[in-house]
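Hello,

Here is the structure we talked about handing over.

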Amino acid sequence: MSLRRGQVAFAAAAIAVALGLPRVLYPVLALDILVWGLFAMSIDLLLGFGGLLSFGHAAYWGVAGYAAGLVARDAGMPFPFAALAGVVASAALAFPLGYLSLRRTGIYFAMVTLAFAQMLFYVANEARPLTGGENGLQGIPRTLGGLALGPSLSFYYAALPLVVVGYLAAYRIVHSPFGHVLVSIRDNEARARALGYDTARYKLVAFVLSAALAGLAGSIEALSQRFVSLDFLHWSTSGQVVLMAVLGGLGTLWGGILGAAVFLLLRDFLSTSDVLRDAPGVVTGLVFIVIVLGLRRGLWPTLRNGAGRLLPRSRRAALEPQVPEPEIR
Amino acid sequence: MNNVDLRLEEGVVHALVGPNGAGKTTLFNLLTGFFAPSSGRLLLFGEDATGLRPDQIAKRGVARSFQITSLFEHLRVIEHVVLALQARTDHGYRFWQADASLRRFDARARELLAEVGLEPLADRTVQHLPYGQKRALELALALAIEPRLLLLDEPTAGMSAADVQRTIELVARVRAGRTVVLVEHNMGVVGELAANVVVLQQGAIIAEGRYADVRHDPAVVAAYLGQVDA
């Protein structure tokens with residue numbers, strides 16, 4: 001079947017890119033792209049598939065970063081356990097915060113999530129003994145069974161399986177019975193309730209799952225940087241990840257990685273460019289405006305359709321989105 | 001709604017009629033938990049159901065269709081029914097399972113679609129379905145949750161004469177063992193199906209009884225034809 005073959009080809013290409021990326025870019029940037037991609041996917045799960053715009057996902061990214069950093073540094077745990085601790089911390093936090101935020105919808109929901117994230121930012125700033133305050137949490141080691149994964153290239157390959165687990169988890173959630181219910185709630189919540197779905201509870205589960213994915217990403221980022229700063233919890237982090245998800249294309253899942261790649265490569269390019277270095281905001285802003293105006297559904301659907309033109313007509317159906325892309329109201 | 005004291009006898013088809021704005025849909029929203037009553041109580045099958053959420057009321061065996069067709073535009077016809085069947089279980093929480101597991105509901109979904117005459121269209125998306133067939137799908141969704149109380153909001157509105165006739169036959173078939181409430185403007189449908197007719201006006205019940213009796217009630221005639229000082 002063409003669909004199967006298409007999927008195998010896609011997986012093979014993805015593996016090749018993942019293995020080769022740190023040879024092309026420097027490893028820290030390469031891992032950054034994959035990790036922010038996972039973070040953007042957590043936003044897409046909530047926004048693209050659930051219709052819920054969280055503007056406070058820095059909370060889960062940051063709390064997981066601090067939790068993973070503390071577990072790795074003070075408990076001396078191997079890095080996968082540190083990452084797990086981060087996931088647990090962010091999911092545990094998402095239960096009460098999600099429960100409270102989801103009592104509102106639309107822009108009010110976004111504002112409440114932002115408010116909670118801002119609260120955490122200031123709490124982390126004050127909790128200096130734990131977080132290091134403005135100095136950040138420094139000297140995070142990363143070990144695995146006595147191996148010190150010092151060089152960033154080694155850590156890239158050590159962390160890659162964890163990131164992939166995150167991607168696969170996101171894919172499974174979206175393409176599960178739960179994912180179908182989530183999309184139906186996004187499209188017509190009253191209808192879903194009349195059928196007997198406790199939509200508030202479904203949205204809370206989606207919120208916690210999304211926070212757990214954001215937490216996995218934040219943990220790996222902390223271990224990669226060996227440092228957690230207050231920037232992890234800053235509101236601009238929440239904004240950046242939503243931007244990446246939108247650039248990549250909502251409701252596409254994989255688009256998040258593309259969005260992260262464009263964003264981070266552009267930032268990297270501008271910071272090393274002699275001419276444009278002084279005005280990175282202007283340039284990035286312009287590029288994003290062009291992308292959003294020119295490719296309204298985002299990078300991923302555009303690329304997929306472009307690739308589709310290379311295929312014989314009979315096989316294009318395999319590239320159709322399995323879940324329709326959402327409208328944001 | 002004001003002082004509406006309505007007892008729905010079990011196992012009977014009731015029709016809810018009245019001019020636009022009389023409160024028919026509001027009453028449906030109260031019965032299904034979409035609106036909470038500011039005062040008064042709702043008893044379902046003898047148990048208090050006041051203040052329950054829509055999903056809790058649905059789980060107690062109350063299904064409703066919507067006046068304005070309310071479907072999931074991007075889903076295929078069969079996916080709608082599968083979603084409705086799944087709603088009675090906790091299967092929908094399984095985020096760790098492949099969506100292929102939804103196929104367990106396929107056979108029953110096709111049965112239900114066959115019952116409303118939509119089986120041949122099972123794999124179409126609803127977006128491009130003609131109106132009458134969307135209404136039929138609404139009915140299939142309501143039946144999927146095996147309701148004891150079936151609330152149908154204008155099931156024949158906008159249908160062709162043939163579709164109306166088919167819907168009448170369908171409702172006549174599915175009413176066995178359950179209570180049905182229809183909001184309906186088509187008096188032919190009301191006359192054929194309903195054993196009991198409830199007439200609403202401005203949020204109050206102005207008449208109730210057999211169709212033949214109610215249609216000649218002076219208050220009902222006035223409500224429909226209008227009053228000079230109204």
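Is B:Arg76 buried, partly exposed or exposed? B:Arg76 counts as partly exposed, because its relative accessibility is 29%. Keep in mind that this is a predicted model.

**Salt bridges around B:Arg76**

The side chain of B:Arg76 meets that of B:Glu79 in a salt bridge, at 3.6 Å from N to O. B:Glu79 is also partly exposed, since its relative accessibility is 22%. The pair does not stand alone. Salt bridges with shared partners tie B:Arg76, B:Glu79, B:Arg110, B:Glu119 and B:Asp123 into one network. Over all chains, the count comes to 18 salt bridges.

**A link within chain B**

B:Lys134 and B:Glu73 also form a salt bridge through their side chains, with N and O 3.9 Å apart. This pair links distant parts of the chain, 61 residues apart. B:Lys134 sits in helix α5 of chain B, and B:Glu73 in the loop between β4 (62-64) and α3 of chain B. Their surroundings can be compared by accessibility. B:Lys134 is buried, at 14% relative accessible area. B:Glu73 is partly exposed, at 33%.

**The interface of chain B and chain A**

Here 31 residues of chain B are in contact with 25 residues of chain A. The buried area between the two chains is about 2,700 Å². Carbon and sulfur atoms give 61% of that area. On the chain B side, B:Phe72, B:Tyr93 and B:Phe95 lose the most area to chain A. Together these three account for 27% of what that side buries.

Now the polar part. The rule finds ten residue pairs in polar contact across this interface, both residues at pLDDT 80 or more. Three elements of chain B give two or more residues each to the side that touches chain A: α2 (54-59), α3 (77-86) and α5 (131-144). The largest share, four residues, comes from α2(B). By residue type, that side of chain B divides into 16 nonpolar, eight polar and seven charged.

**Salt bridges between the chains**

Two salt bridges are counted between chain B and chain A. One of them is formed by A:Arg191 and B:Glu138, whose closest N and O atoms are 2.6 Å apart. A:Arg191 lies in helix α9 (residues 189-195) of chain A and B:Glu138 in helix α5 of chain B, so the pair joins two chains. A:Arg191 is buried, with 1% relative accessible area. B:Glu138 is buried as well, with a relative accessible area of 1%.

**Nonpolar cores**

The largest nonpolar core has 157 residues. A:Ile220, B:Val81, B:Leu113 and B:Leu137 have the most contacts inside it. Take B:Val81. Neighbours within four places in sequence aside, B:Val81 is in contact with B:Ala109, B:Leu112, B:Leu113, B:Leu137, B:Leu141 and B:Ala144. There is also a second, separate core of 17 residues. Among its members are B:Leu27, B:Leu42, B:Val62 and B:Val181. As background, nonpolar side chains tend to be buried together in soluble globular proteins.

**B:Ala109**

B:Ala109 lies in helix α4 (residues 106-115) of chain B. Its relative accessible area is 0%, so B:Ala109 is buried. Which residues is B:Ala109 in contact with, leaving aside neighbours within four places in sequence? They are B:Ile78, B:Val81, B:Val82 and B:Leu85. B:Leu83 is 26 residues from B:Ala109 in sequence, and the two C-alpha atoms are 9.4 Å apart in space.

**Helix α8 of chain A**

One more element to look at is helix α8 (residues 177-187) of chain A. Nine of its eleven residues are buried, so this helix is largely enclosed by the rest of the structure. The buried residues include A:Phe178, A:Val181, A:Leu182 and A:Ile185. A:Ser184 and A:Arg186 are buried too. What do the buried residues of α8(A) pack against? In chain A, they pack against α2 (27-47), α7 (152-174), α9 and α10 (199-225). In chain B, they pack against α3.

Best regards

Methods. Residues numbered from 1 in each chain as written. Chains lettered and ligands numbered in written order. Predicted model: local features only at pLDDT ≥ 70, side-chain atom pairs only at ≥ 80, totals over all residues. Heavy atoms only, no water. Buried < 20%, exposed > 50% of the residue type's maximum accessible area, 1.4 Å probe, protein only. Contact = heavy atoms within 4.5 Å. Buried area = accessible area lost by both parts, 1.4 Å probe. Salt bridge = Lys/Arg side-chain N within 4 Å of Asp/Glu carboxyl O. Polar contact = N/O pair within 3.5 Å; in protein donor to acceptor, adjacent residues only side chain to side chain. Nonpolar A, V, L, I, M, F, W, Y, C, P; charged D, E, K, R; others polar. Core = buried A, V, L, I, M, F, W, Y, C linked by side-chain atoms within 4.5 Å.
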